Each structure stands twice: as C-alpha cells, then as structure tokens.
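Please read this short report alongside the sequence and the 3D view.

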Amino acid sequence: MLELNKSGTDRSGPGRLPAQGPGPDARPAADAPPTGDAAAERVPQRPYLIAGAILCALYFLYAYFQYSRFGSPSWDLGIFEQEVRAYAGFDAPVVDIKGPGYLILGDHFSPIVALLAPLYWIWPSAEALLFAQAALFALGAVIVGRTTQQLLGGRSGLCVTVAYGLSWGIQEAVKADFHEIAFAVPLLALVCRALLLKRYTAALLWSLPLVLVKEDLGATVAVVGFLLFVYGRRLQGALLAAFGVAAFVVTLMVLIPAASSAGTYDYWTKIDKNGEQDVSMLDSVLGVLDSSVKIEMLVFLIGITAFMALRSPLTLLIVPTLGWRLLSQDSNHWGMVWHYSAILMPVLFLALADGVRRSRDSHRPWLASYAKVAVPVAAAIAVAMTQHLPLRDLLRPETYRTDDARSQAARAALDAIPAGARVETDITLMAHLTSDRTVYWVGGAPGTAPDIVAINLDFGWSRPIQDPVAYAQQLHPEARYRLKHRGGSFVVMERTTPEPAEIPGARDD
C-alpha cells in the first residue's frame, strides 16, 4: 500500500529534534544508507555509464536493423523526421504525411522535439532520431540505477539498471520507432530521483519541461505538485499543481486547437467514440477494466517491480497516463505493445527502490524478508520476459541480414525516386524518403498530384492492388502516371502531366 511521508522537512537543523518519531517501518538511523550529496559521492559513475552505453547500443542496434530491413511498424518515424527536419531548417513544423501543410502542433503538442535539430544538422536521417531515443532511454537507466544504489546500497543499483533496461515498456517503445515520449523518460527519472533524495526544488524544476513533451503530461506535473504538498513543501506543491493543471487545460483547449486546421483537439474522440458509436463519459469510466488486455497490462506493470512499487507514493505519478489510456476506446492504448508504457518505467522502478527502502525493517516479518530479495527478483523477471520481447531478436542471425530479396527490392525502389521529389507512399518506404523528399501518406494528399507514387503491393491493403498505375490515377484523377520501376512487390510510378499550378499545403520558399 502507498505510504506518504508527511514530515515536511528536508533535514533536521543542528541540535533540533525531528518533527515526528520514526514509524514502525522506519529504518534505524545508524543503519540507514546515506542519501543526498554524501551518497552521490560514494556511488561510482563508471559502472552505470558502462551499463548505459551497453543499453544504448542494444536499443540502437535493434532499431537500426529494423529500419534497414524496412520494418518500421507505423508512420510515426517518418512523421517525426519531417517535424525535426522542419525545425532544423528553421521552418514551422509542417508534417505533410499527416496532410499537405499540416502543422503538427495541432495534433500533439511536443515542441521539445526541436531539441533534436542540432543532431539533425550533423546526421540528417531517421537513424539520428533512433539513436537519440536509444540514448535518452539509456540515460534513464543510468539515473534509475545510481539512485537505487544511493537508496539501497550494495549491488541493487546494477540489478535495477538491468530490470529497467530490459523492461517490456522500454523494449516495446524501441520496437515502435521514435516518439516524443523519449524525452519524458529521463525527465521523469530525474523528478523521481529528486523526490526520493528530498531535493524538492530540483523535483519542481525537472518537472516543468514535461509540459513541452506531450499535452497530457501537464496532469503528471500536477501530481508531482501534489506529492510536494504532501511532503511538506506546501507552497511549491500548490503552485506546481496549479501550473500543471493550467498547462494541461491551456494546451488542450487553446494551443492545440489554435494550431489545428479543424480548430479542436482530435483525440477527444478516442474517449467519446467507439468507431461510429458515441460513448458517454460514464460508460468510459465504468469500462476502464472491461477488457482482459487492460487487466493484463496493469498486472505486468506492477509485476515487473516484484509488486514492491505499490509501497511507494511515487506510483501515483503513473495514474494520469494510465487514466487516459484506460478511458480510451482505442485498443492500441490498452496493452503492452507500442510506446505508451515507456514513461511509466522510470517511475515504477524508482518506486520499487523506494518500496524496498520502506519495507526493509517493517514490523511485518514477511515483508521485511521479501524486501531483501525483491530487487533480484525484479531483475530475474525482466531477463525471463526478454525471451518474449523485441531485444531477443538480437540473438537471431536473420536480424542482421539486410540483403534479402525484399530489402534489395525496396532499395531499388528508393533509387528510382529522385531527390527533391514529392512522393506519396505507404509505411514501408516512408521513413527512408523523408530526409530529402516531400512525403505524403498514400491516399492522404488529394489534389497534390505528387511527382511519384511508390507503393509496396504486399503492404496489407484492404483490397489487393491489381493495376498500380490505375490505382495512382484513381488517387489523383487530375494527373496521369506511368510505370517507372517495378521490382519484387515495390512499384514506382511517375507523373507524366505538368505539375498543378497550385498544390494544397505547399509553402513558398
């Protein structure tokens, strides 16, 4: 169960008694591991930096070979590269994949992605984004591991580094390609670290940038403020909670609608619509646990911490994210796949460390005994689960083969598309084209008559495409196309009629 520390002080002054005596679960002062600056000096950095480098290499290796084999699972990597490319060119973040001239801040509010522009100047490719995400996830592991050792001592820090680094939330996010939540992972780790080490001002400061990562994280910032209030920093906590709520409301009600061509936040429909059927808020609330997929996700979220995260108030920080996911009518939000659980991992594993610290000298003998083995149990769970998770593919020789017939055919199709062309395509080639072409989603750019229509016939269309040229002209009846290249399942068609005088969403350079 959650236990809140209500002492309200960071430390006792010289010659002063603590505000309250130790509770039944408190650890004797003489035996407690050092915390704060003294503990930081005693915890070596090198083992965690090495562990972080290894994890970064594993994450990037997986993402790189998935990209090289044209295995991107969604259009998101292409979307984010178009966004970063725009920032790198000091342009508005227009993402044509979402629609010609589409301003991405009207979809999700993630201006923090602009921080990747300097990296993109050096490495103008989707691979740069994959590397950045790998580094940010690994940085989270370093923070979580070192903080755990400061709290618990021994080898617990490295065990938790392994448990976090191999956790299913992180691995599934790596598989899902790049997403803006990569920035939230180390930020939340730093927030939780500061709370556990009673550096409350630092916790406040580290939480502020979260509102620039994604629109829903203002609610998480409000929970940080609530924890500060409970821990005794009442003014700081109240101000931060108010800021988080205000940022949440203003972003969803003002900023995103102002940037959106529709003038609203599109994702409200994820809660109040199930397909074409309207769903009331009451039905959404009553249905938060109406699926075995949701229950399984919740069990595995807490189970990967050997259930010790339940002993820490830090677990409250996962409630806002879980809240909107469980209310959503979109089944993609419920389960253990995609990237949605990555931001929960640093919170849960530092809650594990806090839970163990609170339980080591519990008056309940069974709990005190379990606390002594909870950390290695969590590490064992992570290692055991990896055989069913993405990183297991790094042990398979076929992962490293990028010269198979499908990949060769895809590269030949890319070579047939000139740099600078306006291309309409599906997910398979998309992220490989966005660095030096204007890319549209197939069927999502009516009236543009792109220079090239490139499709993978094996993409998984609802109806098989028998005549690719006829399909291109069906998409763009204002233009005519001819077959330029065909190899394997990849077809490239080029426009033979003049370019339209006005192209929807086109920007004047």
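## A serine in a loop

The backbone oxygen of Thr264 lies 3.4 Å from a polar atom of the Ser260 side chain, where a polar contact is a pair of N or O atoms within 3.5 Å, one able to donate a hydrogen and the other to accept it, and residues adjacent in sequence count only if both atoms are side-chain atoms. This is a predicted model, in which local features need pLDDT of at least 70 and side-chain atom pairs count only at pLDDT 80 or more, while totals for chains, interfaces and linings use all residues. Residues are numbered from 1 along each chain as its sequence is written, and side-chain values use heavy atoms, with hydrogens and water left out.

Ser260 is found in the loop between α11 and α12, and Ser260 is buried, with a relative accessible area of 9%; buried means under 20% with a 1.4 Å probe, protein chains only.

## Cores and strands

The largest nonpolar core has 111 residues, and Phe137 and Leu195 are among those with the most contacts inside it; such a core is a set of buried Ala, Val, Leu, Ile, Met, Phe, Trp, Tyr and Cys residues joined through side-chain atoms within 4.5 Å. Its largest share, 13 residues, comes from helix α5. Apart from it lies another core of 22 residues, including Ala409 and Met430.

Helices (H or I, at least four residues) and strands (E, at least two) are DSSP runs, numbered from the N terminus.

| Element | Residues |
|---|---|
| Strand β6 | residues 481-487 |
| Strand β7 | residues 490-495 |

Strands β6 and β7 pair in the antiparallel sense over 6 bridges, pairing requiring at least two DSSP bridges, and Leu483 has Met493 as its bridge partner in β7.

How values were computed:
Buried < 20%, exposed > 50% of the residue type's maximum accessible area, 1.4 Å probe, protein only.
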